[in-house]
Amino acid sequence: MISAFPTPASPDATGDHADRAAALGDAFAPWAAEDDRAGAFPTRQFRRLAEERLLGLTAPTAFGGAGAGLGQAVAVIREIGRGDPSAALILAMHYINLATLPKGRWSPALLNTVLRAGARGALINAFRVEPDLGTPLRGGLPATIARRTPTGWSLSGRKIYSTGCEGLTWGLVWARTDEAEPRVGQFLLPLASPGVRIERTWDTLGLRASGSHDVVMEGVQLPLEHAADIRPPAEWGARSDEAAVWGTLLIGAIYTGVAEAARDWIAGFLKERAPANLGHPLADLPRVQEQTGAIAELIATSRRLIDSAARDSDSGSPPTAAEAGLVKHRATENAIAAVERALKLGGNHAIARRNPLERHLRDVLCGRIHSPQEDTILIAAGRITLDR
């Protein structure tokens with residue numbers, strides 16, 4: 001387990017985050033292919049992100065971060081997603097927590113500890129999903145239990161799809177107390193604690209290097225103050241609009257980046273591929289130009305949607321959670337459609353393991369799995385429309 005990826009103590013206010021992320025995206029692509037085959041955590045990528053001082057991007061400046069808004073985060077995540085979407089997913093979860101935790105109910109002391117560490121490279125993510133519960137966004141009480149002890153809490157349970165767990169310092173565990181009337185909420189778990197075990201269960205079609213394994217907790221002893229935010233279940237509704245907007249737009253940015261990687265590969269292939277019977281590159285054919293233009297249309301539409309919503313959020317007029325969900329859904333479906341079009345243009349070359357396009361297809365299909373999923377997004381939008 002990696003405890004942290006230390007970065008310089010001073011905040012990064014240079015403003016060239018997207019340019020540096022673009023260079024990293026180029027560098028990460030060959031590593032992403034290797035890690036995909038091995039199902040290995042992207043350690044090299046996060047060392048480079050630390051060296052480029054991008055891990056503390058969204059932490060407030062008061063805690064040593066760069067204080068970047070959603071627009072800058074979207075630009076960085078899209079570029080990292082273009083090179084390595086597994087690393088981009090882990091980074092996006094880290095960014096969301098650094099940006100949104102200051103708006104919650106945490107104690108100042110605990111917030112200071114976590115955000116200062118996070119700004120310096122201590123990765124953090126939330127552990128919410130369980131084998132029986134599924135995603136908490138669909139309701140239900142967690143089976144993970146925090147039992148009161150004389151000195152704090154004893155935490156036991158299992159979390160699945162714990163993205164990045166092999167490289168995290170902190171996990172925010174969604175659990176319930178053992179009180180007569182249980183409270184539910186976030187418990188701050190140091191991953192290096194005795195009683196924490198990672199089971200390497202993540203073996204999937206795509207995003208194979210995201211390290212979304214099971215985290216098992218067996219009587220993990222936590223200080224009293226590590227009950228970071230626990231409330232009666234009735235007080236927990238849907239995620240706040242701000243957290244929902246950050247989550248949905250960054251997810252959309254990851255898969256837009258994957259589509260851009262597919263676009264770049266197929267464009268190079270079409271310009272180089274010159275069948276003997278044709279006598280010139282495939283790129284000269286009007287039909288090929290039309291289909292490549294359709295790929296460009298899908299990507300440009302997604303970028304405009306995501307960037308516009310992010311700018312509105314940074315300017316103080318964020319979209320609602322429902323509208324941000326629609327942007328995420330459209331961007332995800334556009335990305336899948338773009339990669340599928342590239343696949344058709346590439347033929348057998350597109351599905352060869354020696355070429356990256358088959359990996360881009362596997363990775364982009366994972367976009368449909370992230371909460372909120374299509375049915376939740378469209379039902380919410382439909383109800384709002386019908387209630388007008």
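This is a predicted model: local features need pLDDT of at least 70, side-chain atom pairs count only at pLDDT 80 or more; totals for chains, interfaces and linings use all residues.

Burial first: I call a residue buried under 20% relative accessible area, exposed over 50%, and partly exposed in between, with a 1.4 Å probe and protein chains only. Residues are numbered from 1 along each chain as its sequence is written, and side-chain values use heavy atoms, with hydrogens and water left out.

**Entry 1, G252.** Is G252 buried or exposed? I found it buried, at a relative accessible area of 0%. G252 sits in helix α6, residues 241-272; helices here are DSSP runs of H or I with at least four residues, strands are E runs of at least two, and both are numbered from the N terminus. Which residues does G252 touch beyond its neighbours within four places in sequence? I got I306, K328 and A331, where contact means heavy atoms within 4.5 Å. A331 is 79 residues away from G252 in sequence, yet their C-alpha atoms are 5.4 Å apart.

I count 10 helices and 8 strands. The radius of gyration is 21 Å, close to the 21 Å that the globule rule gives for 388 residues, so the chain is as compact as a globular protein of that length. That radius is taken over C-alpha atoms, and the rule is 2.2 Å times the number of residues to the power 0.38. Buried residues make up 53% of the 388. Of the contacts with a separation of 6 or more, 75% are between residues 24 or more positions apart.

Where is the cis peptide bond I noted? It runs from S371 to P372, with omega near -5°, and P372 lies in the loop between α9 (357-364) and α10 (374-386). R53 has a positive phi of about 55° though it is not a glycine. R53 is in the loop between α2 (43-51) and α3 (70-83), and is partly exposed at 26%. L207, also not a glycine, has a positive phi of about 50°. L207 lies between β6 (196-199) and β7 (213-223) and is buried at 2%.
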